[in-house]
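Open the model in your viewer and keep the sequence at hand. We will go from one selection to the next.

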Amino acid sequence: MTRFAKGGKAAAAGLIIALTAAACGGDSDSGDTETKAPDVPKGGTLKLLSVSDFEHLDPQRAYVSNALNAGRLIYRTLTTFKSASGAEGNEIVGDLAKDTGEPSEGGKVWKFTLKDGLKYEDGTAIVAADIKYGVERSFSDLLPEGPQYAKQYLEGGDKFDGPYKTPAGLASIEVPDEKTIIFKLKQPVGDFNYTVTLPTFSPVPKGKDTKTQYDNKPFSSGPYKIETYERQKKLTLIRNESWDPKTDSVRKAGPDRIEFTFGLDPAQIDQRLINDSDPNAAYIDAGGIQGASVVQAIKPTVDGRRVEGTTQALRYIAMDINSAPFDNPKIREAIQFAVNRETLQTARGGTRAGGELIYQTLIPGLPGRKEFKAFDVPSTGDVAKAKAALAEAGKPDGFTTQLYSTNVGKGKAVAEAFQDAMAKVGIKVNLKLVDPAVYYTEIGKSKTQNALVVAGWGPDWPNASTVIPPLFDGRQIKTEGNQNFCELNDDAINKRMDDALAETDLGKQGEIWAELDETISKTGCIIPFTVDKSVFVAGSKVKNLFIHPFYGEPDAVALAVES
């Protein structure tokens, strides 16, 4: 997805162990034996402050980390990640399903059985057919923004056009009864039970589907339901009295009300939290405290209200290699040498709140990853080599181009730092700054986005299969909801991705992903610069504040308020 943050270095060993266990088969006991959520304070109003609204709350369209995180308050999926910090937070358990799934035929078929007592906000039962319909609506061209794994993995998925055009549905999703759903895949997928943690696999009753308007009020299967939603301003959640905590070991459901306020200046959010002027408030944006506020945020007066760490989000800049001048490999090389990664890191908050420098697409902790540099460039860049490459490209005086980024906070700061670095070699970069609430929608329009973009990505689960194909498989390029911002479409690379996905030995599969990481990096179409770190501060009455390793921000389903 377009995601901002998933996991962290500290959890790397846990990531690999969890993935290996998943690939070996379903955990048939996890639905009944998983660790229950600790007791939390009940009642009160939790206030969540945000720079921007969610791009989408529709579960089949949501694919940015803040919406994936907050969405778990409203809807449930077949499996989900535990609500915990560190390695434990990367373990999956049954959510709507009793366990983490039952594979057969070598991982080509996956069966999930639903728990008893699952209900929507109106008290009606959640049935397997609703999950099937939810997955099927993700194929519609009306809802293009979500993950593409269902289309990629399911038999016939590449030809199915969604339930609005083909009401008969997709034959490779079977529901033999109200409690059973079976997925038939094109090839073995050993970690498919991680795939179904995504909100693509949440239930939508056909009678409640309002198509594109579903974004405004998803029908709740979780502990909260929407009371009011004023886009770009405020979202208020209240308890879903039909939700049964006995069916849910993950969600804490502490507050009586949760109020999201959108459109706030990030510096103002920082000061409200640092000064504790809003004791019931917490930051819910993946970026956390801005770089300029970090010194204040780490003072002793904020101890006990602050959490920080690596979020495992890759921050990068991509260039469209099918558009001039980026179709020239020497131009791409020039930009690679002109980039000053240290100033980009500083723009995001330095080593403490900005992240560790990186030179490749696969982040530390992913199975098979090998460290390398596709271009022998220092962290501050090499102006002389950049100018030499420009001369070889026939552009000794540089050229003018455009860079997309968000218009507030760290995104704007990164864009300005990149602009300054390019100016040193004669490349003039005009900035196209976009509201974060619509940013990925805007840059996902492949026909109009033909320049440079600042972006972020985190693994959808701990496997490079959730990084390389979404970002670089040319067959996944779409006119809307596109995530292959490089517009890379190389037959040999695409074929090698198929080889990796077909490889059931995770060790060998990791080796192929590592090979692809290096091959793609050498095209010069992507400039990775940091693996994110963030600092989050909450009000003094907010409890259970920790960074979830998958969502890369405070776990929304864990937060509670002390009365």
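Predicted model: local features only at pLDDT ≥ 70, side-chain atom pairs only at ≥ 80, totals over all residues.

Residues are numbered from 1 along each chain as its sequence is written, and side-chain values use heavy atoms, leaving out hydrogens and water.

**Stop 1: the helix pair**

Select helix α9 (residues 329–338) and helix α12 (residues 383–392). Helices are DSSP runs of H or I, at least four residues; strands are runs of E, at least two; both are numbered from the N terminus. The axes of α9 and α12 lie 8 Å apart, at an angle of about 165 degrees. Therefore α9 is roughly antiparallel to α12 (over 145 degrees). Axes are lines fitted to C-alpha atoms, for helices over the stretch in contact, and angles run from 0 to 180 degrees between N-to-C directions.

Now show side chains. On α9, pick Lys330, Ile331, Glu333, Ala334, Phe337 and Ala338. They meet Val383, Lys385, Ala386, Ala389, Leu390 and Glu392 in α12. Contact means heavy atoms within 4.5 Å.

**Stop 2: the sheet**

Six strands form an open, mixed sheet, ordered β13-β17-β12-β16-β14-β15. Strands pair if DSSP finds at least two bridges between them. Find the edges: β13 (356–357) and β15 (428–434) each pair on one side only. Next, select β14 (residues 400–406) and β16 (residues 452–457), parallel strands joined by two bridges. Leu403 stands opposite Leu452 in β16.

**Stop 3: the helix on the sheet**

How values were computed
Parallel < 35°, antiparallel > 145°, perpendicular 65-115°, else oblique.
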